[in-house]
Amino acid sequence: EIEEALAIEQELGGLPTSVYESPRMWKGAVRLWADDPNGARELLEELLALAVERGDDMSAFQFMQLLIHTELHAARARAIGQKAFEKVETLGYEYGRPVLLSGLALAAAYEGDVDQARRLGRESATALAAFGDHLWSNYALAALTLADLCAGDATEAVNHADAISARFSEC
């Protein structure tokens with residue numbers, strides 16, 4: 001189905017959606033989760049440039065979040081995270097900051113910096129709760145789950161995982 005959607009997008013020269021909501025984004029995500037960070041990075045950076053060119057700031061920020069995960073796989077998450085923060089600050093996009101914090105919290109947990117992961121994860125989860133967010137805050141909770149597992153606090157890790165699970169049962 002992705003290939004069919006890509007063919008339609010190619011034939012039409014794009015789709016009347018945000019840059020992020022495109023078949024090429026899904027192709028990049030597939031590459032990311034198929035452990036092809038170089039292929040994912042190439043496509044996601046191309047889409048990020050297109051989003052910036054079109055002034056699609058929401059897509060630009062979303063691609064930066066995916067690039068954090070891509071660089072996490074390639075062990076360069078913190079570097080892209082700092083660039084993403086600069087972009088969010090330039091845009092004055094307050095909602096983007098805690099979303100990026102969740103990605104950096106996940107990177108810190110993955111790298112074994114449990115204290116930093118907990119600090120960033122809590123800050124992200126608190127800020128996103130203030131926005132009434134129920135999607136991106138799952139990333140913050142996932143980072144807190146990983147950090148607590150790394151710290152040997154299984155009870156708290158399960159509490160965070162239960163909070164994520166409860167959100168999906170609401171759907």
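1. A residue is called buried when its relative accessible area is under 20%, exposed when over 50%, and partly exposed in between (1.4 Å probe, protein chains only). Helices (H or I, at least four residues) and strands (E, at least two) are DSSP runs, numbered from the N terminus.

2. This is a predicted model, in which local features need pLDDT of at least 70 and side-chain atom pairs count only at pLDDT 80 or more, while totals for chains, interfaces and linings use all residues. Residues are numbered from 1 along each chain as its sequence is written, and side-chain values use heavy atoms, with hydrogens and water left out.

3. In helix α2 (residues 23–33), the buried residues are P23, M25, G28, A29 and L32. An α-helix has 3.6 residues a turn, so residues three or four places apart point the same way. Just after α2, D35 takes a positive phi of about 65°.

4. Six aromatic pairs are found in a search of the whole structure. Rings of Phe, Tyr and Trp (its six-membered ring) pair if their centres lie within 6.5 Å; planes under 30 degrees apart count as stacked, over 60 as edge-to-face and the rest as tilted.

5. The pair of F61 and W136 is tilted, at 5.9 Å centre to centre with 55° between the planes. F61 belongs to helix α4 (residues 57–73) and W136 to the loop between α7 (114–130) and α8 (137–150), so that the pair links distant parts of the chain, 75 residues apart. Both F61 and W136 are buried.

6. Y95 and F131 pair edge-to-face, at 5.1 Å centre to centre and 85° between the planes. F131 is partly exposed, with a relative accessible area of 43%.

7. Ring pairs join F61, Y93, Y95, F131, W136 and Y139 into a cluster.
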